[in-house]
Amino acid sequence: MRPRLNRTVPVHPLLASRFSPLMFDPAWTVTEEDVELLLDAARWAPSAGNSQPWAYFVARRDEPDHKRVVRYLARSSARWAPSASLLIVTMAHRYVEDTDWAYSDFADYDLGQSVAHLTLQAHAMDLACRQFRAFDLETLTTDLHPSPGWHIVSMIAVGRPAEPRPPDRDRRTTTDLRTAPWD
Ligand SMILES: Cc1cc2nc3c(=O)[nH]c(=O)nc-3n(C[C@H](O)[C@H](O)[C@H](O)COP(=O)(O)O)c2cc1C
């Protein structure tokens, strides 16, 4: 007989306490070992056919690449993202090189899972991530020039949060998740 789920166990604290800060400690630096750990978590994510269709352009705040990507932030993200210890540009392998054949139908989906792993690993290290799309995709793509078939999807600011987790974050209910969009 299958064991019953223990409904008295709440959502795991690592998941329940994660949040996306808008204020980072501008003095906090991450080490190269920290970066390796974050990427190590990212690479263990599941993916369709184990295709692992993700890549990360990583720039620590003290590195020249940081200045390079900061230039493309939108006015909104430029207010908070530069103070994070790390900026990461995420990329998905959508197409086979120089063709319109999908490399994977799940490239963006799998990238998202990999980013979720990275995000939770960061939280376990007392860091926090804010993923964002508030940047100039076209000019950033021109500058970073991803390999054929690869596309920039998002950015992630990673750092030590300089604000507490908001107490009342808005989420749809579990009932809502089970009822919505089908006949
Ligand atoms: C793909 C993606 C794009 C996002 N884009 C932005 C953005 O451009 N600017 C921003 O301030 N936050 C952005 N966010 C952060 C979300 O607003 C945030 O995750 C959401 O409000 C839920 O809050 P929480 O992560 O603290 O639970 C983005 C998040 C994701 C996953």
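This is a short exchange about a predicted model and the terms used to describe it.

Reader: What makes up the secondary structure of the protein?

Author: Seven helices and four strands. From the N terminus on, the order is α-α-β-α-α-β-α-β-α-β-α.

Reader: Why is His 66 called buried?

Author: Its relative accessibility is 6%. Buried means under 20%. The value falls under that cut-off, so His 66 counts as buried.

Reader: Where is His 66, and which residues is His 66 in contact with, leaving aside neighbours within four places in sequence?

Author: His 66 sits in helix H3, residues 64-70. Beyond those neighbours, its contacts are Ala 59, Arg 60, Arg 61, Pro 82, Ala 84 and Leu 87. Contact here requires heavy atoms within 4.5 Å.

Reader: How do you know that the span of helix H5 is close to the expected one?

Author: H5 covers residues 107-124, which is 18 residues. The expected span is 1.5 Å times one less than the number of residues. For H5 that gives 26 Å, and the first and last C-alpha atoms are 26 Å apart. After H5 comes Asp 126, with a positive phi near 60°.

Reader: Which residues of H5 are buried, and what do they pack against?

Author: The buried residues include Ala 107, Asp 110, Leu 111, Ser 114, Val 115, Leu 118, Thr 119 and Ala 122, and His 123 is another. They pack against helices H1 and H2 and strands E1, E2, E3 and E4. As a general point, an α-helix has 3.6 residues a turn, so residues three or four places apart point the same way.

Reader: What does UniProt place at residues 17-68?

Author: The unreviewed entry gives "domain: Nitroreductase" there. In the model that span is 33% helix and 13% strand, and its end C-alpha atoms lie 32 Å apart.

Notes: Residues numbered from 1 in each chain as written. Predicted model: local features only at pLDDT ≥ 70, side-chain atom pairs only at ≥ 80, totals over all residues. Heavy atoms only, no water. UniProt positions renumbered as here; feature names shortened; annotations may be inferred. Helix = DSSP H or I, 4+ residues; strand = E, 2+ residues; numbered from the N terminus. Buried < 20%, exposed > 50% of the residue type's maximum accessible area, 1.4 Å probe, protein only.
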